[in-house]
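The entries follow in the order in which I looked things up.

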Amino acid sequence: MTRYVLKRLAGAALVLLALSVLVYALFYVAPGDPARLACGERCNPQQIAQVRAQLGLNESVFAQYFHFLQGVFAGRDYSTGTGVLHCDAPCLGLSYQTDQQVTVLILDRLPATASLALGAMVIWLVVGIGAGLLSALRRGGVTERLLTVLTLAGTGTPVFILGLLLLMAVCAYLQWLPFPSYVPLGEDPEQWAWNMLLPWLALGFFESAKYARLTRSSTLETLAEDHIRTFRAYGVGEGSVVARHALRGAVPPVIALSAIDLGTMFGGAVLTESLFGIPGLGKTLIDGVRTIDLPVVVGIVLLTGVAVVLANVVADLLYALADRRVALT
């Protein structure tokens, strides 16, 4: 198991290194002048040249990438023309719009995105696995047909449509809740939970549709295996067969998909955050793209990549714990 863990961590480190090269090349080596973007449209050539020197853009591409990595692991100094500004590690640069450290900006927005993603994950796992398992066990019946229709409808309905329907039904028509307005968890936990309820439901039910389909297909495949028929032939109870054997075969693909989805959402659930006014990373990413704030965009894209890679490592470890044969391959 130790050897398997070390292999996965080494592979994750190589993937992250390759990701940093790709993202840096995509945003900083692509056509365009970061100095002009950082300075603004009204800057004259002399001011642009000064900003280019301050950002180190006169150096070679390899030197710039080295300074970028150095900033991530050890911090970096930025010249302001009249002095030096230190950016603490992990330094992802300074925002072109606010001169704020990108890391500080991300840490400020991360709690909102994390609370949205984790809350929605609980819903999509409970609803998705429950509906998929029930559909598989009631195959051919009315329950299975109804759940299949609901699953297909959930898969084909965009999350912003679900969110709008919830807002109209719960807030406007029934008036059970006021329209959501994000409140940080540390300020008022009760108001935070009430204001996050609709975003959790919208995103959770949207994602649960594919988990229901995945759980159903995995469970049916497992129930059709020879050892399941053998257990039934020996009189093992159906509840024991499902709980101890069928679910074991259905859970691993759900774990893998949950890792990818959760890691991706840490880069921001853009539509959900925009619809419900949640000041998370997705909304910040959209604002960065709109204003061409490259350091902010690069920082959030890298964070998303890191979250996806680490989530996949955790998923692989859970796989190995569930089936020790995986650790031996």
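**Entry 1: overall.** I started with burial: 39% of the 329 residues in the protein are buried. I use buried for under 20% relative accessible area, exposed for over 50%, and partly exposed for what lies in between, with a 1.4 Å probe and protein chains only.

This is a predicted model, where local features need pLDDT of at least 70, side-chain atom pairs count only at pLDDT 80 or more, and totals for chains, interfaces and linings use all residues. Residues are numbered from 1 along each chain as its sequence is written, and side-chain values use heavy atoms, with hydrogens and water left out.

I checked confidence next. pLDDT is the predictor's confidence in each residue, from 0 to 100. The mean for the protein is 81, and 93% of its residues reach 70 or more. By element, helix 5 has the highest mean pLDDT, 89. Helix 2 (residues 34–39) has the lowest, 74.

I counted elements: the protein has 13 helices and two strands. These are DSSP runs numbered from the N terminus, with helices as H or I of at least four residues and strands as E of at least two. The C-alpha trace spans about 85 × 55 × 35 Å along its principal axes.

I then looked at contacts, meaning heavy atoms within 4.5 Å. Of the contacts with a separation of 6 or more, 65% join residues 24 or more positions apart.

**Entry 2: surface.** The protein exposes about 17,900 Å². Carbon and sulfur atoms supply 66% of that area. The areas come from the Shrake-Rupley method with a 1.4 Å probe; for residues, only the protein chains shown count as cover.

Which residues form a nonpolar patch on the surface? I found Phe 160, Ile 161, Leu 164, Leu 165, Met 168 and Leu 271, with about 540 Å² of accessible area together. Patches are made of residues with over 30% relative accessible area and no salt bridge; like charges are joined within 9 Å, and nonpolar side chains (Val, Leu, Ile, Met, Phe, Trp, Tyr) within 5 Å. Helix 7 (residues 159–173) gives the most to this patch, with five residues. Leu 271 sits in helix 11 (residues 270–276). I noted Leu 271 as partly exposed, because its relative accessible area is 46%.

**Entry 3: salt bridges.** I list five salt bridges in the structure. Each needs a side-chain nitrogen of Lys or Arg within 4 Å of a carboxyl oxygen of Asp or Glu.

Asp 287 took my attention. Its side chain meets that of Lys 283 at 3.8 Å, N to O. It also meets Arg 290, here at 2.8 Å, N to O. Asp 287 and Lys 283 both lie in helix 12 (residues 281–290), four residues apart, about one turn of the helix. Arg 290 and Asp 287 are three residues apart in helix 12, again about one turn. Asp 287 is partly exposed at 30% relative accessibility, and Lys 283 is partly exposed at 33%. Arg 290 counts as exposed, because its relative accessibility is 59%.

Elsewhere, Arg 109 bridges to Asp 108, with the closest N and O atoms 2.4 Å apart. Arg 109 is partly exposed at 24%. I also noted a network of salt bridges linking Glu 207, Lys 210 and Asp 261.

**Entry 4: Ser 95.** Is Ser 95 buried or exposed? It is buried, since its relative accessible area is 2%. Ser 95 lies in the loop between strand 2 (84–87) and helix 5 (102–137). Its side chain reaches the backbone nitrogen of Gln 97 at 3.2 Å. I set neighbours within four places in sequence aside. Ser 95 is then in contact with Gln 100, Val 102, Asp 293 and Val 296.

**Entry 5: two C-alpha pairs.** I took Gly 56 and Tyr 78, which are 22 residues apart in sequence. How far apart are they in space, C-alpha to C-alpha? I read 8.6 Å. Gly 56 is in the loop between helix 3 (45–54) and helix 4 (61–74). At 10% relative accessibility, Gly 56 counts as buried.

Phe 231 and Pro 253 are 22 residues apart along the chain, and their C-alpha atoms are separated by 23 Å. Phe 231 is in helix 9 (residues 226–233). I noted Phe 231 as partly exposed, with a relative accessible area of 26%.

Key. A polar contact is a pair of N or O atoms within 3.5 Å; within protein, one must be able to donate a hydrogen and the other to accept it, and residues adjacent in sequence count only if both atoms are side-chain atoms.
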